[in-house]
Amino acid sequence: MTAPNHALTGALVGLVIENPWLAMPLAFISHFVCDAVPHYDPPIEDGVKRLDSKRFLNELILSGLICLLIVLVLALTRPRNWVLAIVCAFLATSPDLFWIPRFVQVKRTHTDKPPRGWFLRFHSFIQWQTGPKLIWLELVWFVGFSALITLRL
């Protein structure tokens, strides 16, 4: 799932569940639930070509800007639990930060190694169905969750 959809899912968790001790772990767990849903992935399958491509970098930057926009909308509209929603949006997106060392390694060495450690292997394993043809599902998710959040504003 793309970062904006993770952020929207986490934000909705924070807006709906008022107890932060429940909302924050659920937002983090939502990342893996979302990744288990078939979702978009860039069309380049080879890890080195994918992570080294300008398209991937552009999609990464665009995703980051959309996530920032989600946070700005929450901060400006200040719905009930807006701070918790922002924290949950970050927590729902945060597991992808564990991929940064792989990205840096590919950029430096132009080689890719399989994920090491149980966390990254699990994270990779649950993403059983991805590909460029699933962009429609990402768009439906984005529109749907944006609408649900709008109802909470």
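Let's start inside helix α2, where the buried residues are Ala23, Ala27, Ser30, His31, Phe32, Cys34 and Asp35. Buried here means under 20% relative accessible area, exposed means over 50%, and partly exposed is in between, with a 1.4 Å probe and protein chains only. Helices are DSSP runs of H or I with at least four residues, strands are runs of E with at least two, and both are numbered from the N terminus.

A word on the source. This is a predicted model, where local features need pLDDT of at least 70, side-chain atom pairs count only at pLDDT 80 or more, and totals for chains, interfaces and linings use all residues. Residues are numbered from 1 along each chain as its sequence is written, and side-chain values use heavy atoms, with hydrogens and water left out.

Back to α2. What do its buried residues pack against? They pack against α1 (3-16), β1 (39-40), α5 (82-93), α7 (118-125) and α8 (135-152).

Now its length. Helix α2 covers residues 20-36, which is 17 residues. The expected span of a helix is 1.5 Å times one less than its number of residues. For α2 that gives 24 Å, and the end C-alpha atoms are 24 Å apart, so the two agree. There is also a bend of about 25 degrees, at Phe28. That bend is the angle between axes fitted to the seven residues ending there and the seven starting there.

Look at the start of α2. A side-chain oxygen of Asn19 comes to within 2.8 Å of the backbone nitrogen of Trp21. A polar contact is a pair of N or O atoms within 3.5 Å; within protein, one must be able to donate a hydrogen and the other to accept it, and residues adjacent in sequence count only if both atoms are side-chain atoms.

Next, two threonines. Thr9 sits in helix α1. It is buried, at 8% relative accessibility. A polar atom of the Thr9 side chain lies 2.7 Å from the backbone oxygen of Asn5. Leaving out residues up to four places away in sequence, Thr9 touches Ser30, Cys34, Trp141 and Phe145.

Thr93 is in helix α5. Is Thr93 buried or exposed? Buried, at 17% relative accessibility. Its side chain reaches the backbone nitrogen of Ala7 at 3.4 Å. Beyond neighbours within four places in sequence, Thr93 contacts Ala3, His6, Ala7 and His31.

On to charges. How many salt bridges are there? The count is two, where a salt bridge is a side-chain nitrogen of Lys or Arg within 4 Å of a carboxyl oxygen of Asp or Glu.

One joins the side chains of Arg80 and Glu18, at 2.8 Å from N to O. That pair links distant parts of the chain, 62 residues apart: Arg80 is in the loop between α4 and α5, and Glu18 in the loop between α1 and α2. Arg80 is exposed at 60%, while Glu18 is partly exposed at 44%.

The other joins Arg55 to Glu59, with the closest N and O atoms 3.0 Å apart. Both residues lie in helix α4, four residues apart, about one turn of the helix. Arg55 is partly exposed at 45% relative accessibility, and Glu59 is partly exposed at 22%.

Last stop, backbone angles. Arg78 is not a glycine, yet has a positive phi of about 45 degrees. It lies in the loop between α4 (54-77) and α5. Arg78 is exposed, with a relative accessible area of 55%. Asn81 is not a glycine either, and has a positive phi of about 65 degrees. Asn81 is also found in the loop between α4 and α5.

Notes
Contact means heavy atoms within 4.5 Å.
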